[in-house]
Protein chains: 2
Amino acid sequence: MMQRFLNDPDDVVDETVRGFVKAHGAQVRLHPSNPRVVVSVDTPRAGRVGVVTGGGSGHEPAFLGYVGRGVVDAVAVGEIFSSPTANSFADAIRAADGGAGVAVLFGNYAGDTMNVKLATRMVAKEGIAVATVIANDDVSSAPLDERDRRRGVAGEILMWKIGGAKAATGATLEEVQAAAQKAIDACRSGGVGLAPCTLPAVGQPNFTIAPGTMEVGIGHHGEPGMRIEPLRAANDIADDMLRIVMVEHDLPPGASVAVLLSGLGATPVNELYVLYDRIESGLAERGLRVHRALVGNYFTSLDMVGVTLTVMALDAELTALLDMDCAAPAFGGW
Amino acid sequence: MMQRFLNDPDDVVDETVRGFVKAHGAQVRLHPSNPRVVVSVDTPRAGRVGVVTGGGSGHEPAFLGYVGRGVVDAVAVGEIFSSPTANSFADAIRAADGGAGVAVLFGNYAGDTMNVKLATRMVAKEGIAVATVIANDDVSSAPLDERDRRRGVAGEILMWKIGGAKAATGATLEEVQAAAQKAIDACRSGGVGLAPCTLPAVGQPNFTIAPGTMEVGIGHHGEPGMRIEPLRAANDIADDMLRIVMVEHDLPPGASVAVLLSGLGATPVNELYVLYDRIESGLAERGLRVHRALVGNYFTSLDMVGVTLTVMALDAELTALLDMDCAAPAFGGW
């Protein structure tokens with residue numbers, strides 16, 4: 001039996017979205033005719049490029065929590081761990097359109113790619129220009145020379161932040177797309193799973209991690225990682241994760257990075273800080289400076305025990321865009 | 001075997017505090033001589049009342065996450081689920097002292113009460129005036145006519161917010177104390193646990209919740225609740241929690257409340273919104289308006305599966321203080 005707060009599993013997404021919009025009504029609203037689209041109250045802004053994303057549910061506060069001012073304008077919401085429909089992506093695009101085109105910034109999953117493509121065709125007939133960026137920051141999901149096969153994970157959050165900031169400057173669609181592409185190209189992410197998650201409709205874990213072991217490089221839906229290993233001390237895990245994400249970063253001493261360490265849903269908050277303590281030390285040993293750190297449940301996988309680490313290399317442009325003011329429920333703020 | 005991110009369990013608090021200060025160095029700093037005290041970078045402010053709290057670790061982001069501008073000035077950090085020492089409370093009080101006295105706003109636990117009392121005596125010799133407020137918002141921990149036996153739980157966060165805001169207005173120590181007392185008197189909280197937590201040093205759950213059951217009225221450390229019941233649907237649990245916290249609120253239709261729904265550490269984020277959806281509907285049915293909602297992992301208990309619901313009745317003064325700008329790591333903000 002699942003020890004979870006659920007009603008009919010078929011209703012969990014509708015209930016989540018409804019509760020989210022009620023809790024954050026000062027920042028977001030439900031699309032008037034599509035209950036799977038959440039829109040910023042500041043959207044659309046005439047003459048500004050809109051920013052859209054979308055993805056499966058179960059990753060809360062992603063994706064809908066990043067709708068706000070200076071981040072994402074509208075989000076399409078899918079079933080648990082499933083792509084939103086093409087219709088939902090199209091409605092999100094229409095809602096975000098202020099006449100200057102819409103950048104759709106999403107993760108590299110087959111369903112999302114297909115539905116964004118279909119949605120792009122649908123809105124093209126209405127004269128809405130769409131540019132896309134597909135996030136592929138998860139280094140564990142394919143080798144570097146097959147980067148187009150890599151999945152998008154928590155680096156998407158930094159891509160949205162950069163894309164949204166660029167749009168807020170009044171940039172063109174091509175400029176927003178280029179900034180978001182640059183952002184995700186500057187991100188490398190890797191995850192470690194200690195315990196699986198349970199889909200409400202299934203009632204059993206959808207994969208297994210044997211007690212005393214851990215899965216290094218696990219995906220956001222339990223996709224197999226690079227290796228299964230005996231569970232080690234937090235510092236060893238932190239060192240290993242940092243090595244995995246830094247191996248493709250070629251940063252000179254003195255360079256700045258942004259770090260995002262996200263719990264996957266059931267990881268105790270204090271343990272995120274235990275890991276971060278070691279990760280920051282490892283970056284300092286490499287001569288790198290953390291310009292901004294995000295530590296918390298930013299991109300989860302239901303009740304999975306685990307974390308993802310994302311390191312983003314910063315240059316002057318990315319730093320300026322990262323530092324621009326913004327507001328979204330997942331970023332909090334009073 | 002624990003599926004957790006830990007090194008030597010004896011080091012978990014030091015590592016947590018160190019990681020926290022590294023991640024949020026723009027807002028907080030470690031006390032120069034006491035590694036169990038975290039201080040706001042804006043503290044002390046000459047002529048302003050300081051606000052201090054403290055409590056056991058394992059509740060992250062409480063207590064240290066509420067150090068910031070316009071909330072708590074300094075926090076004393078205890079071992080897991082244990083009171084900070086009197087020395088740590090005293091150092092936090094000294095760090096927060098700007099010459100106008102210090103309000104210590106903490107939860108009703110024997111160890112904390114004793115150590116705050118000792119610390120108050122220590123700093124009195126140095127000429128620092130201290131006023132205290134003891135939070136007792138947990139309705140499940142004792143009957144109303146024994147309210148001084150009730151524990152403090154997540155309502156403490158709203159007490160800190162109100163006390164910190166009042167201090168920021170330049171109010172006197174007595175006025176800050178009165179506002180914080182009014183805040184906690186306006187709060188009622190109740191919790192439900194679905195699965196226990198495991199202390200790092202113990203390696204086993206410190207209490208049991210049988211699969212298929214839930215504990216209604218559970219405390220933040222697994223203290224027994226009002227009753228053990230078969231696990232029910234999320235809507236039934238939400239209705240029951242709301243009933244429990246509203247029974248002592250006597251609010252006319254049209255009144256405003258603040259709502260804090262906190263996960264206890266391992267509750268999936270989306271399920272918090274499933275519960276909030278129903279809670280908000282229940283408040284609307286009572287004719288009540290939610291002025292502000294906080295939904296997330298605000299006050300946890302390691303890896304417990306469960307939630308606490310806090311409803312605070314608002315009047316004009318509390319509303320104004322609640323709405324005052326503030327910033328602290330646990331409240332996020334870009």
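This is a predicted model: local features need pLDDT of at least 70, side-chain atom pairs count only at pLDDT 80 or more; totals for chains, interfaces and linings use all residues.
Visitor: Which residues of α1(B) meet α7(A)?
Guide: Residues are numbered from 1 along each chain as written, chains are lettered from A and ligands numbered from 1 in written order, and side-chain values use heavy atoms, leaving out hydrogens and water. On the α7(A) side, look for A:Asn270, A:Tyr273, A:Val274, A:Tyr276, A:Asp277, A:Glu280 and A:Ser281. Contact needs heavy atoms within 4.5 Å, and on the α1(B) side you'll find B:Val12, B:Glu15, B:Thr16, B:Arg18, B:Gly19, B:Phe20, B:Lys22 and B:Ala23.

Visitor: How do α6(B) and α7(B) lie to each other?
Guide: Helices here are DSSP runs of H or I with at least four residues, and strands are runs of E with at least two. α6(B), residues 234–246, and α7(B), residues 269–285, have axes that come within 9 Å and cross at roughly 50 degrees. That angle makes α6(B) and α7(B) oblique.

Visitor: Which residues of α7(B) does α6(B) touch?
Guide: From α6(B) come B:Ala234, B:Asn235, B:Ala238, B:Asp239, B:Met241, B:Leu242 and B:Met246. Their partners in α7(B) are B:Val274, B:Leu275, B:Arg278, B:Ile279, B:Gly282 and B:Leu283.

Visitor: How far apart are the axes of α2(B) and α3(B)?
Guide: α2(B) is residues 86–96 and α3(B) residues 110–124. They pack at about 55 degrees, so they're oblique to each other. Their axes are apart by 8 Å.

Visitor: Which residues are buried in α8 of chain B?
Guide: Buried means under 20% relative accessible area, exposed over 50% and partly exposed in between, with a 1.4 Å probe and protein chains only. What covers the buried residues of α8(B) includes α4 (155–168), α5 (173–185), β10 (256–263), β11 (289–296) and β12 (305–313) of chain B. The helix spans residues 316–323, and its buried ones are B:Leu318, B:Thr319, B:Leu321 and B:Leu322.

Visitor: Over in chain A, what does A:His31 touch?
Guide: A:His31 sits in the loop between β1 (28–30) and β2 (37–40). At a relative accessible area of 13%, it is buried. Setting aside residues up to four places away in sequence, it touches A:Val37, A:Val39, A:Asp91 and A:Ala95.

Visitor: Where in chain B is the cis peptide bond with omega of about -5 degrees?
Guide: Most peptide bonds are trans. Look in the loop between β3 (50–57) and β4 (74–80) of chain B, where B:Pro61 is found; a cis bond joins it to B:Glu60, with omega about 10 degrees. B:Phe63 is found in the loop between β3 and β4 as well, and the bond you asked about joins B:Ala62 and B:Phe63.

Visitor: What relative accessibility does B:Leu302 have?
Guide: B:Leu302 lies in the loop between β11 and β12 of chain B. Its phi is positive, about 50 degrees, although it isn't a glycine. B:Leu302 counts as buried, because its relative accessibility is 1%.

Key: Axes are lines fitted to C-alpha atoms, for helices over the stretch in contact, and angles run from 0 to 180 degrees between N-to-C directions. Angles under 35 degrees count as roughly parallel, over 145 as roughly antiparallel, 65 to 115 as roughly perpendicular and the rest as oblique.
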